[in-house]
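Trainee: I have just opened this entry and would like to learn how to read it. Could you walk me through it?

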Amino acid sequence: MKRIGILTTGGDAPGMNVAIRAAVRTALGMGIGVTGIEKGYRGLHEKLFIELDSRSVSGIINKGGTFLKTIRFPEFKDPGVRKKAYANLRSSGIEGLVVIGGDGSAKGAYYFSTDFDFPVVLVPASIDNDLYGSDFTVGFDTAVNTAVEAVDKIRDTATSHERTFIIEVMGREKGNFAIEVAVACGAEIALVPEIPADWNGIAESLRAQEAMGKTSSIIIMAEGAGKAESLAAFLREKLPEREIRYSVLGYIQRGGSPTYFTRVLATRFGSEAVRLLAAGKYPFMVGIKGDEILYTPLKRVVTTSRLPNLGNIELINRMAI
Ligand code: F6P
């Protein structure tokens, strides 16, 4: 293999730059040229290609986001769009692809690889931690820490005013992120897309917690489980004697300098992805189990749903007494 391409796609995640850096330097060290593809799959289609060398990835290990840019490009579902992308790779002498992204990116990577029997390896990178085949995705740890820091600050005002706060966090389809934040913040309740919420039951739980002497509560709500604003309005009706407030954390959860854990994970993943490509092993996703790096067929990744750790929902309830 003489040249590979690297792209980042889907929602950005802290650590994407770190994975790019590791992939570039591993490839160069193996005598493999590297083409950076800007703006994800759209860049593949529009041939937004740049030459990368070791200096291209200097000074980025501590930078969130992705210098290759990313974009959501649903057009990549069109086989004709993928065909043009393939032609662009071939005409540029690119023989393999490292795709850095989340669940949507995994599907694109799988279809592209199988359409053309083209070597593709996925580095799982998303704050959602929603990909089968790895204990962690790049960016999850950093985003959880960012959210925990924000919720801790909100808890200060919640306890000072004896208020109930509903905090909406990211997670459009999966609750992994919300559950992890809820356990780490000692939230009384976590609401996730996978479990339909009983809002009357939430009011009952708050009443029971008050009877145990709790004067403030934190509810962590994944955006896929509903709107914090709507739940706040509902609870104000049900519990007129309580002060109910809400906050939507939003996009701060996607930025920030990657934590050491994210940096080490992204470096291991980015480097391993290139080694797999060079060994002709594809289409795979690199992942981690415990401390062991492994790789999973992309077909398995895209056809297997990763359920959140619902045992931690029980743990949250146990801690909320
Ligand atoms: O997939 C990561 C994610 O941050 C989700 O948690 C969130 O719902 C979504 O991306 C937001 O998408 P966008 O950046 O396109 O608004």
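Mentor: Let's go through the domains and then the ligand. Keep in mind that this is a predicted model.

Trainee: Into which domains is the protein chain divided?

Mentor: There are two entries to find: domain 1 (3-139 + 258-303) and domain 2 (141-254). Their C-alpha centres are 34 Å apart. Where they touch, domain 1 supplies 15 residues and domain 2 supplies 13 residues.

Trainee: Which atoms should I look at around the oxygen atoms of the ligand?

Mentor: Start with side chains: a polar atom of tyrosine 251 lies 2.4 Å from a ligand oxygen, and one from arginine 72 lies 2.6 Å from a ligand oxygen. Then check the backbone, where an N or O atom of glycine 171 is 3.2 Å from an oxygen of the ligand.

Trainee: And how much of the ligand does the protein bury?

Mentor: The general idea is that interface size is often given as the accessible area lost when the parts come together. Here, the ligand taken alone exposes 400 Å², and the protein buries 82% of that. The ligand sits in the largest pocket.

Conventions: Residues numbered from 1 in each chain as written. Predicted model: local features only at pLDDT ≥ 70, side-chain atom pairs only at ≥ 80, totals over all residues. Heavy atoms only, no water. Polar contact = N/O pair within 3.5 Å; in protein donor to acceptor, adjacent residues only side chain to side chain. Areas by Shrake-Rupley, 256 points an atom, 1.4 Å probe, with all protein chains shown as cover. 1 Å grid on protein atoms, 1.4 Å probe; cavity = no way out; pocket = protein on both sides within 12 Å on 5 of 7 lines; lining within 4 Å. Sits in = over half its atoms within 2 Å of the grid points. Domains from an automatic or database assignment. Contact = heavy atoms within 4.5 Å.
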